[in-house]
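Q: I'm new to this one and would like to go through it step by step. Could you walk me through it?

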Amino acid sequence: MNTDWPATDYAQKLVKDDYKLAVPLTLLYLTPPAVAFIGLGAVSAAVMSSTDSSILGVSTMFTRNVFVNVFYQKASDRVTVWFLRFTVVINTIIAMLIAIFVKTVYGLYLICSDLVFILLFPHLVMVVHCPNRTNKYGMVLGFSIALILRVLSGEPVLKYNAIIKYYGYVEPYTDDYGDTVYGRQRFPFRNLIMGLNFVITLITTYITQQLFRRYPSLLRYDFLEAESGSMPVDPITPSSPPGKVKDKKDSSSSETTA
């Protein structure tokens with residue numbers, strides 16, 4: 001960054017916000033036109049390749065794990081493909097808005113880890129350690145409420161203030177340079193929302209299981225197919241590997257044949 005930029009065609013000094021454009025500016029103003037053309041094309045191709053792979057991967061996982069496995073198990077290939085295309089468009093719009101309004105990549109890493117801890121960690125623990133105490137209704141409701149609470153808690157990285165203000169909330173203000181400093185939470189609200197996700201999932205699962213088991217006529221309203229045709233699942237432990245049940249079944253069948 002020690003280049004005399006005012007002496008180039010750029011004709012001005014670099015400011016702090018221009019540092020992230022160091023490579024494109026170097027290729028554009030400090031190399032011959034042919035090198036700049038090839039170099040900028042290579043950078044653009046690499047960025048687009050990574051971006052479209054990420055969008056396609058996210059859309060495919062959402063279509064398969066949420067739309068097909070949770071809400072529409074009988075979806076045909078045609079319906080699945082069209083929903084995947086729709087999801088690709090929605091994810092592209094979201095990614096574009098994030099790229100425009102979010103100025104820090106580090107902040108995006110924090111948001112991703114935040115969402116994984118609040119939304120996915122409780123479900124991962126319950127599926128591994130107590131699968132018979134969780135079902136789709138509990139997970140969908142717990143995930144939805146936790147997501148809503150997290151969104152309403154504000155996020156300075158995304159530049160919006162909290163609607164739900166927990167104890168010790170710091171109100172937004174304007175600093176000495178005239179920039180807006182967004183409000184932030186001092187209360188450990190992430191731990192609170194994660195715990196609520198646990199509790200809501202377990203309570204909802206218990207209520208739905210009891211309703212469907214005590215009143216079998218209600219199974220016709222089990223649109224997520226969480227209880228109809230379900231069988232108890234034993235948690236995976238080191239003392240009972242997945243292959244143990246299969247071996248026992250094979251040995252019993254061989255004894256019967258003998």
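Q: To start, what share of the residues in the chain is buried?
A: This is a predicted model, and in it buried residues make up 24% of the 258 residues in the chain.

Q: And how many helices and strands does the chain have?
A: There are seven helices and two strands, and read along the sequence they follow the pattern α-α-α-α-α-β-β-α-α.

Q: What share of the contacts with a separation of 6 or more comes from residues 24 or more positions apart?
A: Such pairs account for 57% of those contacts.

Q: Which residues form the largest nonpolar core?
A: That core has seven residues, namely Ile 118, Leu 119, Ala 146, Leu 149, Tyr 166, Phe 189 and Ile 193. The elements that give two or more residues to this core are helix 4 (105-129), helix 5 (136-152) and helix 6 (189-214). As general background, nonpolar side chains tend to be buried together in soluble globular proteins.

Q: What is Phe 189 in contact with, leaving aside its neighbours within four places in sequence?
A: With those neighbours set aside, Phe 189 is in contact with Arg 150, Ser 153 and Tyr 166. There is also a second, separate core of five residues, and among them are Tyr 137, Phe 212, Leu 224 and Ala 226.

Q: Let's turn to helix 4. Which of the residues in helix 4 are buried?
A: The buried ones in helix 4 are Gly 107, Ile 111, Asp 114, Ile 118, Leu 119, Pro 122, His 123 and Met 126, and what covers them includes helix 5 and helix 6.

Q: Where does helix 4 bend?
A: Helix 4 bends by about 45 degrees at Leu 120, and a proline, Pro 122, follows within four residues. As for its length, the 25 residues of helix 4 should span 36 Å at 1.5 Å a residue, and the end C-alpha atoms are 34 Å apart, which agrees.

Q: What does Asp 114 meet in helix 6?
A: The side chains of Asp 114 and Arg 190 meet in a salt bridge, at 2.7 Å from N to O. Asp 114 lies in helix 4 and Arg 190 in helix 6, so this pair ties together parts that are 76 residues apart in sequence. Arg 190 is partly exposed, with a relative accessible area of 35%.

Q: How many salt bridges does the structure hold, and which residues do shared partners join into one network?
A: The structure holds four salt bridges. One of them is between Glu 155 and Arg 150, with the closest N and O atoms 2.5 Å apart, and both of these residues are buried. Salt bridges that share partners join Asp 114, Arg 150, Glu 155 and Arg 190 into one network.

Q: Changing topic, how many disulfides does the structure hold?
A: It holds zero disulfides. Cys 112 is partly exposed, with a relative accessible area of 48%, and Cys 130 is partly exposed as well, at 24%.

Key:
Residues are numbered from 1 along each chain as its sequence is written. This is a predicted model: local features need pLDDT of at least 70, side-chain atom pairs count only at pLDDT 80 or more; totals for chains, interfaces and linings use all residues. Side-chain values use heavy atoms; hydrogens and water are left out. A disulfide is a pair of cysteine sulfur atoms within 2.5 Å. Buried means under 20% relative accessible area, exposed over 50%, partly exposed in between (1.4 Å probe, protein chains only). A nonpolar core is a set of buried Ala, Val, Leu, Ile, Met, Phe, Trp, Tyr and Cys residues joined through side-chain atoms within 4.5 Å. Contact means heavy atoms within 4.5 Å. The expected span of a helix is 1.5 Å times one less than its number of residues. The bend at a residue is the angle between axes fitted to the seven residues ending there and the seven starting there.
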